[in-house]
Amino acid sequence: MNPLAGLAWSVARSNLGELPQPYRLTFALTDRCQARCTMCGIWQKPVDNELTLAEIDAFFQHTNRFSWINLTGGEIFQRPDISDIFRVVTTRCRHLYLLNFPTNGFQNDDIVKGVQLILKQSRPARLMVTVSMDGPPPLHDSIRGLPGLWERAMDTYNRLRILQSPRFSVFLGYTLQRANIHAFDETMRACRGVVGDISADDFHINVAHISGHYYANQEYTGTLTASEARQAINAILALRRRPLFAPVGILERRYQKLAAAYLESGRSPLPCQAANASCFITPDGDVFACTGQASLVGSLRESGMDLRQLWQSPERLKTRHDIRSGSCPGCWTPCEAYQSILGNLLPIRRSRP
């Protein structure tokens, strides 16, 4: 089965019931980061217990049937072995259709070389990179806590745009929060000053979240109210030009339209697919259902780097039961929302318990 057919099959099965294994993985490779973002505390975490390259290789030897892998951090290019990790992922995961990762864009040359390395491999079928961009230069650098980051991020984005193809796409990632809710138009104008032709379709929109075990930002107070989010998102949606049936555009519009509903209730607006279609792994190999639910499923190191053992464990089954019954903190990040959108395409799966 080719990778796209495999992903489509898993998505279809997720609409009908529980899956035997996840098809999407969010893997935080490191908590290291040069930025000091106001909405994120990942950079304050200890970084002395990361999975080694050998351990990551062993993990993907055991568990390699993912169709969609999201590599995240921290800033993944802070790992000196990131090129070797890319090789492990693209070599071991024979069924991989989509690989994506975010970056703050600071390490220009390393990021461009990393993308070029991936594109030389036969897998994945699709690569997608998001360069964080949260405002015009002074605002972005203030939010991200790193002077000069805007300029370097735009240079990275501009250089990656040259490499775009049917196989590779690059976007700017805009995290909506109190600090930048009114700055999207100004951000686009500033970006056009560097890149030229750029539109709202070149941005991926997210809303800032609170997560203790992932973002370590329990004290953050800059999240939006539902009315603030709805107004900002509707304004951005009105600027979209992407064709109606473009797959990325469909997911983006659905995600954004449901974001205000999440902020009103604090709950996922669709039945969540965490601990079923997807899971989250921390830099030290702890496995969680997702980036929002703090219930530990288990440790890769204690399971011989084999996720399949943990997937059959009472801890994973209980976590999945809790999520299905609504006993979780609730979130609406793209890391979790996209597979929930894809897993609720049929009317019979659309009602929450």
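Guide: A residue is called exposed when its relative accessible area is over 50%, buried when that area is under 20%, and partly exposed in between. The model is a predicted one, with an average pLDDT of 93 for the protein chain and 97% of the residues scoring at least 70.

With the cut-offs in hand, Leu 16 counts as exposed because its relative accessibility is 64%. Leu 16 sits in the loop that runs between helix 1 (3-14) and strand 1 (24-28), and together with Leu 345 and Leu 346 it makes up a nonpolar surface patch with about 290 Å² of accessible area. Pro 80 is another exposed residue, at 75% relative accessibility, and its place is the loop between strand 2 (68-72) and helix 3 (82-92). Although Pro 80 and Asp 110 are 30 residues apart in sequence, their C-alpha atoms are 9.7 Å apart in space.

Now to the charged pairs. Side chains of opposite charge can pair when their charged atoms come close. The count of salt bridges comes to 16. One of these salt bridges joins the side chains of Asp 109 and Arg 159, at 2.9 Å from N to O. Asp 109 belongs to helix 4 (residues 108-120) and Arg 159 to helix 6 (residues 149-161), so this pair ties together parts that lie 50 residues apart in sequence. Both partners are partly exposed, Asp 109 with a relative accessible area of 43% and Arg 159 at 29%.

Helix 8 takes part in two further pairs. In the pair of Arg 230 and Glu 264, the closest N and O atoms are 2.4 Å apart. Since Arg 230 is in helix 8 and Glu 264 in helix 9 (residues 247-265), parts 34 residues apart in sequence are tied together. Here Arg 230 is partly exposed, at 33% relative accessibility, whereas Glu 264 is exposed, with a relative accessible area of 54%. Elsewhere, Arg 32, Glu 50, Arg 79 and Asp 81 are linked in a network of salt bridges.

The interior gives the contrast. In soluble globular proteins, nonpolar side chains tend to be buried together. The largest nonpolar core here has 88 residues, and those with the most contacts inside it include Phe 27, Phe 101 and Phe 203. Strand 5 (residues 168-176) supplies the largest share of this core, six residues. A second, separate core of 14 residues includes Cys 37, Met 39, Tyr 214 and Phe 288. Within strand 5 lies Leu 172, which is buried, since its relative accessibility is 0%. Beyond four places in sequence, Leu 172 touches several residues, among them Val 131, Met 154, Cys 191 and Phe 203.

Key
Residues numbered from 1 in each chain as written. Predicted model: local features only at pLDDT ≥ 70, side-chain atom pairs only at ≥ 80, totals over all residues. Heavy atoms only, no water. pLDDT = per-residue confidence, 0-100. Patch = residues over 30% accessible without salt bridge, like charges linked within 9 Å, V, L, I, M, F, W, Y side chains within 5 Å. Areas by Shrake-Rupley, 256 points an atom, 1.4 Å probe, with all protein chains shown as cover. Salt bridge = Lys/Arg side-chain N within 4 Å of Asp/Glu carboxyl O. Helix = DSSP H or I, 4+ residues; strand = E, 2+ residues; numbered from the N terminus. Buried < 20%, exposed > 50% of the residue type's maximum accessible area, 1.4 Å probe, protein only. Core = buried A, V, L, I, M, F, W, Y, C linked by side-chain atoms within 4.5 Å. Contact = heavy atoms within 4.5 Å.
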